[in-house]
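Reader: Could you take me through a structure, one kind of feature at a time? I'd like the general idea each time, then the actual case.

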Amino acid sequence: MGERTSHAPGTLSWTDLATSDPEAAKGFYTTLFGWGYDDRPIPEEAGGGTYTMLTKNGKEVAALSAARGGGPSYWTSYVTVESADDSAAKAKELAGTVMMEPFDVLDVGRMAVIQDPTGAVFCIWEPRGSIGAEIVNEPGSLTLNQLNTSDPERALEFYSGLFGWRSEAVDGGEIPYWGVYLGERLNAGAMQLQPDAGAPSHWLTYFGTESAEAGAERIGEVGGQVMVSPTEVPGGKIVVAQDPQGAIFGLFAGNFDD
C-alpha cells in the first residue's frame, strides 16, 4: 500500500468524477475522506472549466470536474498504457468501441475513452507529466476497481486481449466473482451483473476506509445514501453508496494490497 511514482502498463491507476455540482461534490468528498483539493483551470481550447485534484497528504488520489452537457454524475476508471493510440486501435480490433479518440491532455498525458463489448466505459491513460494516483491501497485512496458486467466471459476475454489481464474465479459467493490480475498482482475485480440490477455494465470505484461501519455512517451524515450496507467479502467488508449528486462509489475496509 502507499505511495506510487509510476504505474505499470495495464494497471488501473486513476479515477475521476464527472458531476452535476462540482462545489457540492467537493464538499462531500473532502468531508468524507479528509481530502485536500487543488482547483486547476482547464484552458478554453480544451473545453474550459475547472479540474479539481483531490489530495491526501499533498499527494493526488483522484479528481473531479463538471459533467459536460448536463450529463449524469459518475466515477470513471483509468488504465495506464504505453501508447493511447496503439491501445485504442487494439480495442477496436477486439470489438470494443472508441467513444473518444486519443487526445493530449495538455502536457500531462494522452488518453482515450473506450467502451468494452458488454457496454462498460473506461479510459486509457498514457502518462507524461502525471502518473495518475500517487497514493493507492490505503484509507482515503483508490483501492479497487470492479467491473460489473452482463457478460463476464466476453468482457474478461476483451480485457485479456487488450491489457494481458488474467482472471481467477473466487469461491464462496452466491454471485459469480473473479479476481483480475496483471501478472501476479491483483489489479481489479469482476462480477456478474444480475439481470434485475437495472443498470448497464459499468466499472465501480472503491476507496479505502478504516471501518466499513463507520464509513457507512459517515456517508449518511454528510448527505450521501448507502445502497449496500457493510457486507463481508474475501479480505474484508464493502459498502456501496451514492453521493448527493447521484454518482455511485464504494468503500473497502480490510486487507489492502501492496
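This is a predicted model: local features need pLDDT of at least 70, side-chain atom pairs count only at pLDDT 80 or more; totals for chains, interfaces and linings use all residues.

Reader: Fine. How many salt bridges does the count come to?

Author: The criterion is a side-chain nitrogen of Lys or Arg within 4 Å of a carboxyl oxygen of Asp or Glu. By that rule you get 15 salt bridges. Take lysine 26 and aspartate 39, whose closest N and O atoms are 2.9 Å apart. Lysine 26 belongs to helix α1 (residues 22-33) and aspartate 39 to strand β3 (residues 36-41), so the pair ties together parts that are 13 residues apart in sequence. Helices (H or I, at least four residues) and strands (E, at least two) are DSSP runs here, numbered from the N terminus.

Reader: Is lysine 26 buried or exposed?

Author: The labels go by relative accessible area: buried is under 20%, exposed is over 50%, and partly exposed is in between (1.4 Å probe, protein chains only). Lysine 26 has 6% relative accessibility, so it counts as buried. Aspartate 39, at 35%, is partly exposed.

Reader: And which residue forms a salt bridge with glutamate 221?

Author: That would be arginine 218, with 3.2 Å between the closest N and O atoms. Both sit in helix α4 (residues 212-221), 3 residues apart, so about one helical turn separates them. Glutamate 221 is exposed at 52% relative accessibility, and arginine 218 is partly exposed at 33%. Elsewhere, salt bridges that share partners join Asp85, Asp104, Arg110, Glu126 and Arg128 into one network. One link there is arginine 128 with glutamate 126, closest N and O atoms 3.4 Å apart. Glutamate 126 is buried, with a relative accessible area of 14%, whereas arginine 128 is partly exposed at 44%.

Reader: On to pockets. What volume does the second largest pocket have?

Author: The general idea: rolling a probe the size of a water molecule over the atoms shows where empty space is left. On a 1 Å grid over the protein atoms alone, using a 1.4 Å probe, a pocket is an open set of points with protein on both sides within 12 Å along at least five of seven lines, and lining residues have an atom within 4 Å of a point. The second largest pocket has a volume of about 160 Å³, a volume being the space filled by probe spheres set on the points, which are joined across faces, edges and corners. Its lining includes Leu32, Phe33, Pro139, Gly140, Ala214 and Arg218. Helices α1 and α4 are the elements giving two or more residues to that lining, and α4 has the largest share, 3 residues.

Reader: How do the residues of that lining divide?

Author: Into 5 nonpolar, 5 polar and 2 charged. Ala, Val, Leu, Ile, Met, Phe, Trp, Tyr, Cys and Pro are nonpolar, Asp, Glu, Lys and Arg are charged, and the others, Gly among them, are polar.

Reader: Now the rings. How many aromatic pairs does a search of the whole structure find?

Author: A pair of aromatic rings is described by the distance of the centres and the angle of the planes. Rings of Phe, Tyr and Trp (its six-membered ring) pair if their centres lie within 6.5 Å; planes under 30 degrees apart are stacked, over 60 edge-to-face, and the rest tilted. The search finds 21 pairs. Tyrosine 159 and phenylalanine 163 are a stacked one, 6.4 Å centre to centre with 20 degrees between the planes. Both tyrosine 159 and phenylalanine 163 are buried.

Author: Tryptophan 165 and tryptophan 203 have ring centres 6.1 Å apart and planes at 80 degrees, so that pair is edge-to-face. This pair links distant parts of the chain, 38 residues apart. Tryptophan 165 is buried at 5% relative accessible area, and tryptophan 203 is buried at 7%.

Key
Residues are numbered from 1 along each chain as its sequence is written. Side-chain values use heavy atoms; hydrogens and water are left out.
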